[in-house]
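Biologist: Hi! Could you walk me through this one?
Modeller: Happy to, let me put it up.

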Amino acid sequence: MKFLDYECPDELYYHKEHSYARVEGDMVVFGITDFAQKQAGTVKRIVTLEADDEIEQSKPYGTLSSGKWTGKMQSPLGGVIVETNTVLEETPKKVNEAPYGEGWIVKIKPSNLEAELKNLMRAGTPEFEQWLTAEHNKYKKPA
Amino acid sequence: MLFLDLPPMHWDETQLLYHAMGRLGIEALALTGTIEPYVCVGFSQGVPVEIDRDWCRANDIGVFRREIGGGTVFIDRDQLLIQLVLRRDRPDVPAGQANFFQRFLGPLVECYRALGIDAGFHPVNDLLVGGRKISGTGGGEIGDCNVLATNILLDFDSGRMAGALRCPSEQFRKAVLEGIRENLTTVRRELGSAPPVPKLKRLLREGYEALLGPLEPSGLPYQVEAEMERIRAELFHRRWMSDTGARKKWREVKLREGSYVAQFPSERGDVLVEVRDGKVASAAPVGGPPDGRDLGALKGMEYDGEQILNRISRMATC
């Protein structure tokens, strides 16, 4: 679905810091949302923790840079990283071009999937729409 | 929130300062300068790609890689360094990098104007005077804080900046040097002389107090000093300093928004490209006379390194 000009695929789980989780069997793929990539501008660099590193829900697992600015990326779920997207080392702007596709960031083996998914939002729910509307307004350029 | 009016510090300390305050969550406006010259590389860049370390060593120029954004900068005693560290959860810290830069570069714009320099903010983070850059700015998140690191260029040594950069050819270095002179200005260039630093500090303090409320004058807090020592090993760790940064098949130096010098590799010889206002202004073979390629066809192209590289590669195989 699309909400306020942002692509928000239905099958994903969304973290309030604009990362998403896509469950694929017993693995989960993370990335940043369409909203986040639009706010970031052209992504120049992505650096994450590496395979075998443990991560915790809502804790930073990497840094994203648009050249002028660097920001932390928060993990939507806890677990162990099994793969990082090496394509982003040469073409980080894949995150802008296809945040839900080729611009995925890491794949993890979750440690507490069922419980932690309950802390995330689904597209189309009132909670999600209220949150994204508030974020959209917050990031608007001041008059 | 603290106001740190600090005397010039050793080069590495000037950068460790805001990294330490951000990690500790100590809000402050710090104004300082460096005793020794150095170059400082942004997060998305890599020292091995950006900097000629042998040249820097031979010329006593330090090398630092920061955790926040912005490009490579050369810093010496002719600059006043301005570092603003604010907790992200403050109600007066706007969301989004563009809003953050615009709001907190405002007092710096006002400071220039009070000196009689008609500086203006140009998104995302450039401060320009007559189309020339007069401050170098980067920002980012450190710990629970947002950090703005910028400066006032009282004067600028373009030669040492160009010397410190790793350049794939002398033609590239020459174009960078000319580009710096064309795209940068300084307080001295605009006014004919540099005002006293205490006056600049007073103007900046007044401007930031108008925006953030009263600032509390302080010396360097002990815990910040201790944190600077603690993180020194981390920020000078071989792995951090040898990171090559964002991988590119070409070498590029950004002079200001929309202005670049870039050298692209090609089977038939490298090509030097100069970019103005986001478009290719000139393209020439490196190290030789025209070689039959229609490099003029690149002129006017929107600057996108990958597309230009592809276009040059196609010329090479025709």
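Modeller: What follows is a chat about a few parts of this model.

Biologist: What should I know before I start?
Modeller: This is a predicted model, where local features need pLDDT of at least 70, side-chain atom pairs count only at pLDDT 80 or more, and totals for chains, interfaces and linings use all residues. Residues are numbered from 1 along each chain as its sequence is written, chains are lettered from A and ligands numbered from 1 in the order in which they are written, and side-chain values use heavy atoms, with hydrogens and water left out.

Biologist: What pLDDT does chain B average?
Modeller: Chain B averages 95, and 99% of the residues score at least 70; pLDDT is the predictor's confidence in each residue, from 0 to 100. For the complex, the predictor gives an ipTM of 0.91 and a pTM of 0.94.

Biologist: Great. Which residues of α1(B) are buried?
Modeller: Eleven of its 14 residues are, including Trp11(B), Leu16(B), Leu17(B) and Met21(B). Buried means under 20% relative accessible area, with exposed over 50% and partly exposed in between (1.4 Å probe, protein chains only). Helices (H or I, at least four residues) and strands (E, at least two) are DSSP runs, numbered from the N terminus.

Biologist: How far does α1(B) reach from its first C-alpha to its last?
Modeller: The helix, residues 11–24, reaches 21 Å, close to the 20 Å expected at 1.5 Å a residue. That expected span is 1.5 Å times one less than the number of residues. Just after α1(B) comes Gly25(B), with a positive phi of about 75°.

Biologist: And where does α4(B) bend?
Modeller: At Gly106(B), by about 40°, and Pro107(B) follows within four residues. The bend is the angle between axes fitted to the seven residues ending there and the seven starting there. The end C-alpha atoms of α4(B) are 27 Å apart, which agrees with the 27 Å that its 19 residues should span at 1.5 Å a residue. Among its buried residues are Phe100(B), Phe101(B), Phe104(B) and Pro107(B). Gly116(B) follows the helix with a positive phi near 95°.

Biologist: Switching to strands: how does β8(B) pair with β7(B)?
Modeller: They are antiparallel over three bridges; strands pair if DSSP finds at least two bridges between them. His122(B) has Asp126(B) as its bridge partner, and three residues lie between the two strands of this hairpin.

Biologist: What about β9(B)?
Modeller: β8(B) pairs with β9(B) in the antiparallel sense too, over three bridges, with Leu128(B) partnered by Lys133(B). Two residues separate the strands of that hairpin, where Gly130(B) takes a positive phi near 55°.

Biologist: Which residues of β8(B) are on each side?
Modeller: Asp126(B) and Leu128(B) are on one side, Leu127(B) and Val129(B) on the other, and all are buried. In a regular strand the side chains alternate between the two faces of the sheet.

Biologist: Last one, over in chain A: why does Gln57(A) count as buried?
Modeller: Because its relative accessibility is 16%. Gln57(A) is in the loop between β7 (54–55) and β8 (60–65) of chain A.

Biologist: What does Gln57(A) touch?
Modeller: Not counting residues up to four places away in sequence, its contacts (heavy atoms within 4.5 Å) include Ser75(A), Gly78(A), Glu116(A) and Asn119(A). A polar atom of the Gln57(A) side chain also lies 2.8 Å from the backbone oxygen of Pro76(A).

Key:
A polar contact is a pair of N or O atoms within 3.5 Å; within protein, one must be able to donate a hydrogen and the other to accept it, and residues adjacent in sequence count only if both atoms are side-chain atoms.
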